[in-house]
Amino acid sequence: MSLILKNVSKNFVGKKAVDNISLSLEKPGVFGLLGTNGAGKTTTIRMILGIIKKDSGEITWKGKTVERKNVNFGYLPEERGVYPKTKIFNQLMYFAELKGMQKQEATKAINEWAKKLKVEEYLQMTAEKLSKGNQQKIQFMTAVIHNPELVVLDEPFSGLDPVNTEILKNIIIDLVAKGKYVIMSAHQMSTIEEFCSDILILNRGKTVLQGNLKEIKETYPANRVEIDVNKNIDNYIKKFNLEKENEKNNDYIIKIDNEEVAHNLLNELVKDGIIINKFEIKKPTLNDIFIEKVGE
C-alpha cells in the first residue's frame with residue numbers, strides 16, 4: 001500500500017501552481033510537505049485527495065488512480081471550519097455520517113476520540129463557546145473519526161497550548177503505530193524534524209529539495225556547537241573569533257565554520273579547568289536548510 005506522485009503539475013489561469021513534482025510514501029509514517037505561503041502545498045494536497053484534478057502526471061494510491069471514492073482519507077485543512085452555532089456532538093455526527101458511518105458506530109467513535117483529546121465536557125456545547133485550541137481538537141476529530149488510511153494534517157498544532165500539543169503529538173505517533181500514512185505540512189520546522197523521516201520542500205511550485213531528512217542533513221557540514229559550562233566563556237569565544245548565537249545560564253550555542261575550531265575551543269576550556277556539562281557539534285537544523293533553499 002503506497003501513495004505515489006509522478007511528474008504532477010497544475011495550472012491556474014496561466015500560473016503554474018505545481019510544476020512537475022514527484023514523491024512517494026511507501027510505508028506508514030509521517031511525510032513532511034514544506035514550503036512558503038503560495039509554494040503549492042495546498043494545491044498538491046488537494047490533488048492527492050482528489051479534491052481538485054491535476055493537469056498532468058500520475059497520482060496513485062494502492063496502485064489505483066486517485067479518485068475520491070478510492071482514497072479513504074482524513075483531512076485537517078489549514079483553514080479551520082467548525083460551525084459556531086451547532087453543538088459539537090451534532091457536528092461530529094454529521095461529518096461521521098458523511099464518511100459512511102452508522103449512528104451507533106459514530107457515537108462510539110465520537111466518545112472514544114473525545115476521551116483521547118480530553119474534550120468530553122464540550123460535546124453538548126456549541127462550538128462558539130470553545131477556545132481556539134479546543135475547536136482545533138474538534139476539527140482534528142472530524143479528520144480521523146472514520147479511521148482513514150491516509151491522514152493529511154495542514155498546520156495541526158496551530159492554536160494549541162503545550163499540554164494539548166503533547167496530546168496531539170502522542171495521537172499522531174499512535175496513528176503511525178497503527179499503520180497510517182500521514183502527510184504533515186507545518187511552518188514549525190522543529191515539529192517536522194520531530195516527526196518526519198522524509199520531506200519535500202516546494203518553492204514556487206517546484207521541488208527544491210526532497211529525500212530522507214537524516215541523509216539530507218549529513219550532506220551539510222556542522223555549523224554550530226552547543227557547550228554547557230559552569231561559567232561565562234565569552235572571552236574564549238572572542239579569542240577564537242566565533243559568533244555567539246544564543247546563551248542562557250552558561251549554555252551556549254556558537255556558530256562555527258568547521259569542526260576543528262570547535263575542538264580547539266573545547267581543548268582550551270579543558271586546559272583551563274572549566275567544567276563542561278555538555279559539548280555537542282550540531283548539523284544545520286531543518287529551519288536553516290529551509291531558509292537556504294527558499295529564503296530568497
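Predicted model: local features only at pLDDT ≥ 70, side-chain atom pairs only at ≥ 80, totals over all residues.
**Entry 1: two helices meeting.** I began with the contact between helices α2 and α3: Phe89, Leu92, Met93, Ala96 and Glu97 on the α2 side meet Lys103, Ala106, Thr107 and Ile110 on the α3 side. Sorting these contact residues gave me 6 nonpolar, 1 polar and 2 charged.

Next I looked up the angle. The axes of α2 (residues 88-98) and α3 (residues 103-116) come within 10 Å and cross at roughly 125 degrees. That makes α2 oblique to α3. The crossing of α2 past α3 is right-handed.

**Entry 2: helix α1.** Is α1 buried or exposed, I wondered? I found that 6 of the 8 residues in α1 (residues 41-48) are buried, so the rest of the structure largely encloses this helix. The buried ones are Lys41, Thr43, Thr44, Ile45, Met47 and Ile48. Just after α1 I spotted Gly50, with a positive phi of about 75 degrees.

**Entry 3: a sheet.** I then traced an open sheet of 4 strands, ordered β12-β13-β11-β14, with antiparallel pairing. At its edges stand β12 (243-248) and β14 (276-282); each has a single partner strand, so one side of each lacks a neighbour in the sheet. From one strand to the next, the twist averages 15 degrees.

I zoomed in on one pair: β11 (residues 224-229) and β13 (residues 251-255) are joined by 5 bridges, in the antiparallel sense. Here Asp228 sits opposite Asp251 of β13.

Last, I checked what packs on this sheet. Helix α9 (residues 259-271) does, touching β11, β13 and β14. The direction of α9 makes about 170 degrees with that of β14.

Definitions and conventions
Residues numbered from 1 in each chain as written. Heavy atoms only, no water. Axes fitted to C-alpha atoms, helices over the stretch in contact; angles between N-to-C directions. Parallel < 35°, antiparallel > 145°, perpendicular 65-115°, else oblique. Left-handed = near helix turned anticlockwise from the far one by under 90°. Contact = heavy atoms within 4.5 Å. Nonpolar A, V, L, I, M, F, W, Y, C, P; charged D, E, K, R; others polar. Buried < 20%, exposed > 50% of the residue type's maximum accessible area, 1.4 Å probe, protein only. Pairing = 2+ DSSP bridges.
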